[in-house]
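Here's a quick briefing on the fold and on one pair of helices. Have a look at the model first, then read on.

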Amino acid sequence: MAKIAIVTGGTRGIGAAISLALKNEGYKVAANYAGNDERAKQFAESSGISVYKFDVSDFEQCQAGVKRVEQDMGGTIDILVNNAGITRDGTLHRMDQASWQAVIDTNLGSCFNMSRCVIDSMRERSFGRIVNVGSINGQAGQYGQVNYAAAKSGIHGFTKALAQEGAAKGITVNAIAPGYVDTDMVRAVPENVLQKIIAGIPVGRLGRAEDIARAVTFLVADDAGFITGSTLSINGGQHMY
């Protein structure tokens, strides 16, 4: 029986590429999204992947969303990809509390919310794969992104701790830290700034969403059970440590 995967923020950008890659590997995929109904409808029609609208920063919505996916798919979640993320950029002395909280709740809080909703069934079956999408800016920091950098950095600590808790139960928990990837979010950066970013990437280009998706399919495979608590940096050599 095909394993069931859920991808948060799974209808656009990196998330869409992950959803498609998992489907192509034979998984039954549910793609979560937050608000862009038209984009989600287009993705569902073009990909054949089921889409589910709920706010991953809200624990009760996550509970209801996971339950709905499991009912529709006829089983419990085997694979969780915590990819959903937002930005509310600004230097700290100009940032309001709402911009801080929204990013923390969506980018980091969602990892708790979604993982908590699936961890019990994973433990019962002694199998699970959780992949959390961090960021180069959670590793190196970034001017004007104290909220985003804090949330993404928190994901890496969350990953290591949960990996220790899940290891004896056949649950692996890993993180991916993408660099600058050619998505709508990155393309919204002013052109002059974008060119400076690309100039600082040793391979000389932005990443592709498929570069990240390939790593997810590797980490969630049945035979990837000896890889846990790791962060895989995919950034074209921009940040090495």
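The mean positions of the 23 positive and 23 negative charges of the protein sit 3 Å apart. Lys and Arg count as positive here and Asp and Glu as negative, with His and the chain ends not counted; each charge is placed at NZ of Lys, CZ of Arg, CG of Asp or CD of Glu. Keep in mind that this is a predicted model, where local features need pLDDT of at least 70 and side-chain atom pairs count only at pLDDT 80 or more, while totals for chains, interfaces and linings use all residues. Residues are numbered from 1 along each chain as its sequence is written, and side-chain values use heavy atoms, leaving out hydrogens and water.

**Overall fold**

- The protein has nine helices and seven strands, taken as DSSP runs (helices H or I, at least four residues; strands E, at least two) and numbered from the N terminus.
- Its radius of gyration is 17 Å against the 18 Å of the globule rule for 241 residues, so the protein is as compact as a globular protein of that length. The radius is taken over C-alpha atoms, and the rule is 2.2 Å times the number of residues to the power 0.38.
- Along its principal axes, the C-alpha trace spans about 50 × 40 × 35 Å.
- Take contacts (heavy atoms within 4.5 Å) between residues at least 6 apart in sequence: 70% of them join residues at least 24 apart.

**Surface and burial**

**Helix α9 (residues 209-220)**

- Nine of the 12 residues of α9 are buried, among them D211, I212, V216 and L219.
- Their cover includes α1 (13-24), β4 (79-82), β5 (128-133), β6 (171-178) and β7 (231-234).
- T217 lies in α9 and counts as buried because its relative accessibility is 17%.
- Leaving aside residues up to four places away in sequence, T217 touches A21, L22 and E25.

**Helix α1**

- The buried residues of α1 include I14, I18, A21 and L22.
- Covering them are, among others, β1 (4-7), β2 (28-33), α2 (37-47) and α9.
- Just after α1, G26 takes a positive phi of about 100°.

Terms used. Buried < 20%, exposed > 50% of the residue type's maximum accessible area, 1.4 Å probe, protein only.
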